[in-house]
Structure formats: structure tokens, C-alpha cells
Amino acid sequence: MKLGVIPGDGIGIDVTAEALRVLDAVVPGVEKIEYDLGAARYRRTGEILPDSVLHEVRGHDAILLGAIGDPSVPPGVLERDLLLRLRFELDHYVNLRPAKLYPGVATPLTGRPEIDFIVYREGTEGPYTGNGGTLRRGTPNEVATEVSVNTAFGVERVVRAAFERAQSRPRKRLTLVHKTNVLKHAGGLWQRIVDAVSSEFPEVTVDYNHVDAVMIHLVTQPERYDVIVTDNLFGDIVTDLAGAICGGIGLAASANINPDRTAPSMFEPVHGSAPDIAGQDKADPTAAVLSVALMLEHLGDAEAAAKIETVVREDLARREPEKPGGTREIGERLAEAAATR
Ligand SMILES: NC(=O)C1=CN([C@@H]2O[C@H](COP(=O)(O)OP(=O)(O)OC[C@H]3O[C@@H](n4cnc5c(N)ncnc54)[C@H](O)[C@@H]3O)[C@@H](O)[C@H]2O)C=CC1
Ligand SMILES: CC(C)CC(=O)C(=O)O
């Protein structure tokens, strides 16, 4: 396996080191090429993602990414031209984000809700494409537009992938999340495509929730969800809340998948670069470690993926909520447990 590694910025660097420690313990000998991309390179050279690097990255079996974004760089520059460019150029149209409450993990919700759902977030369209513009900038009459791009092709392929996943899960339930009561053009397209594709999956129960209602249901009845399919922006927001109810954003893993395998898929935690705790041994590396498990599963090594998930599950069950350990300590614990399994 040839792995491209982009630690990126802030805690991306901290958690990636621990994710690789665990990978090495489970699958020794993986060839890793590390890329110096992110704020440091940008400050030093002005480069964000040179075409030559993008070309090289394409040749890997998978990419492991930490996080992108740094306060020393104007907001969005690296996020758009590095992270989103990778997702778009490598056609990561499924952003798969599992939300699972592991036994023993404290949730801010009352009781012991059952939480085990997966979000299929469209990854190449929506309002993240940069379409739009500004008129009369800096004047009282300034106009700003941010266009949400939704193509029938792009929506259908992620909807189909979500149905296939729902079909394979015991509950076989798929929820479209959108805002069709207001966003009639894009929402209408999503709804029509879900309706059309549903006829191919008669065993899957389909329903629909407005995204604002999902914010309520995730807190009051998270067990109602099995597979959620939604657009790029709604999926980004829904999965931060999903992380928070499952014990914290430091546990939330994510996979940017190119299901057609025309380019490598990219695995990264849901969280960002967290400059407030970067370099302080405070970041929980578990999300990055679980992202490695998603990567191994995608690459066909289900046994190694299951081993990582088991080790994480056992560690979470034993962790003291007030003293989970530092970034390195958690990484070492997980790697040691994985190596001796
Ligand atoms: N995929 C990516 O690379 C993403 C990058 N970003 C970028 O990251 C930077 C910071 O963004 P924020 O909005 O602050 O989001 P963030 O996810 O970096 O941090 C939000 C809060 O969660 C905490 N947190 C995050 N990860 C944690 C971990 N592993 N362990 C413990 N606590 C953790 C942080 O300390 C902070 O209080 C920005 O530049 C943003 O654009 C944001 C989200 C995703
Ligand atoms: C471009 C990213 C900063 C957006 C984000 O939060 C994400 O997609 O995970």
C-alpha cells in the first residue's frame, strides 16, 4: 500500500502522528509519502497545492489528512484551495461520516440513547464550489452571492451510494435531509432523485426531514437515524453535531470517497485544525485513528479495520472522562493494544 500523508495544520499534525503510529502497529510496512502542504508551506513559498504535487498524490492508494486551516492565513484560502481542491479534483463525491455512540462514552444527551448512523454528505457540489460573486464591494450597495451547485448527475450518484449503504444495514432506513420548504430548486431536485432511486431499493424505508428539524431530532431522538443523505453544506453542519452527541468531535471520523476509484480516496477526522489547542498534546487523536480504520476498510482490509475499531472501543470503555490522556498517550495506548491483539 502506498499512502500519501498530509498532516496539514494545527492539531492535524498532532493527530496524524498518532494515527500513523496505530497504522504501523496494525499493518506494518506501509509505504508513506508525507507532503508538506498547509500554512507553513504557504507562508514560506506562497504555494498551496502545486499541480505537480496533485499529480503525484493521485498515484497513491489512499490519502490520510490531518486538518487544514491556520489563523496566520486569511480565512478560507487554504481550506478552499487545498482541502476542497483535493476533494473536487479527486472526485470525492461521497463524504461518509459515521456517528456512533460507543459503550462507556459520555454523551451530553440524557439517558443512554442508541446512536449509530452514517451521513452520506455530497462532497463535490453545493455552495462549496466557489460559484458566485461580489458586486460593488465595500459599498453600502454591495451584493454577494454564493451559488449552490446541484447537478442531477452529482445528486444521483451520492443518493445511489447512500441507498446501497442503507440496503446493507439491518435497519434499512434512509433519511433525506434538506430544506425543501424554502430551497425549492435544489431541494426539489434532491427529493425527485431520492423518489426515483427509491424504486430500485424497495426494502429501504425512506423519509425526509428539514435540516432545522434534524438539529432537534439529533438531540431528542438520535436513534431515529440510520443513513442520512444530504448536500455538502448541510452534511458539514449535521456531522459536527453528530460528533458532539457521540462524545465529542475528537472521536468523529470521516472518509472522502471516490467510489468509482478513478482517484485515491482521502481519510480525515471531521474536526478542523483547532488552533486553540494545537501543539499542546491536548487533541484527541481517536477521530484520526478511526479514519485510518475507514481507510483500511475501503482498501479491503476489513480485518485490520475491525481490529482498530475494537481497540478504540475497548479504550473508550476504560477511559476516565476527566482524564482521557494527552494526544501522544492515547496514540501510544491504542498502538500498543493493537500490536498485541
Ligand atoms: N477538515 C478540515 O481540515 C477542517 C478545517 N477547519 C478549519 O480549522 C480551523 C479551526 O476551525 P474551528 O471552527 O475552530 O473548528 P475545529 O474543529 O478545529 O475546532 C472546534 C472546537 O473543537 C475542538 N476540537 C477539535 N478537534 C479536537 C480534538 N481532536 N480533540 C479535542 N478537541 C478538539 C477545538 O479545540 C475547538 O474548541 C479553521 O481554519 C477552519 O477553517 C474546520 C473544519 C474542518
Ligand atoms: C473546507 C472545510 C473547512 C469545510 C469543512 O468544515 C469540512 O468540509 O469538513
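In these legends, Ala, Val, Leu, Ile, Met, Phe, Trp, Tyr, Cys and Pro count as nonpolar, Asp, Glu, Lys and Arg as charged, and the others, Gly among them, as polar. The structure shown is a predicted model.

**View 1. The shell around ligand 1.** Ligand 1 is surrounded by 20 residues, and the closest are Gly69, Gly250, His271, Gly272 and Ala274. By class, this shell divides into 11 nonpolar, 5 polar and 4 charged residues. Helix 1 and helix 4 (77-89) each contribute at least two residues to the shell around ligand 1.

**View 2. The shell around ligand 2.** Glu79, Leu83, Leu84 and Asp236 surround ligand 2. Helix 4 makes the greatest contribution to this shell, with 3 residues. The shell around ligand 2 comprises 2 nonpolar and 2 charged residues, with no polar ones.

**View 3. Helix 11 and its packing partners.** Helix 11 spans residues 327-339 and has 13 residues. From its first C-alpha to its last, helix 11 reaches 18 Å, close to the 18 Å expected at 1.5 Å a residue. Its buried residues are Thr327, Ile330, Gly331, Leu334, Ala335 and Ala338. These residues lie on the same side of helix 11 because they cover an arc of only 125 degrees around the axis.

**View 4. The contact between domain 1 and domain 2.** The domain assignment of the protein chain gives domain 1 as 1-96 + 251-340 and domain 2 as 107-117 + 150-246. The centres of the two domains, taken over C-alpha atoms, are separated by 25 Å. Domain 1 brings 7 residues to the contact and domain 2 brings 10 residues. On the side of domain 1 that touches domain 2, there are 6 nonpolar residues, 1 polar residue and no charged residues.

**View 5. The surroundings of Asn232.** Asn232 is located in helix 8 (residues 232-245). Asn232 counts as buried because it has 24 C-beta neighbours inside 10 Å, where 20 or more are required. Leaving aside neighbours within four places in sequence, the contacts of Asn232 are Arg121, Glu122, Gly123, Glu125, Gly126, Pro127 and Tyr128. Thr129 is 103 residues from Asn232 in sequence, and the C-alpha atoms of Thr129 and Asn232 are 9.8 Å apart in space.

Terms used: Residues numbered from 1 in each chain as written. Chains lettered and ligands numbered in written order. Predicted model: local features only at pLDDT ≥ 70, side-chain atom pairs only at ≥ 80, totals over all residues. Helix = DSSP H or I, 4+ residues; strand = E, 2+ residues; numbered from the N terminus. Expected span 1.5 Å × (residues − 1). Buried ≥ 20, exposed ≤ 12 C-beta atoms within 10 Å, placed from the backbone. Arc of directions from axis to C-beta. Domains from an automatic or database assignment. Contact = placed C-beta atoms within 7 Å. Near = placed C-beta within 6 Å.
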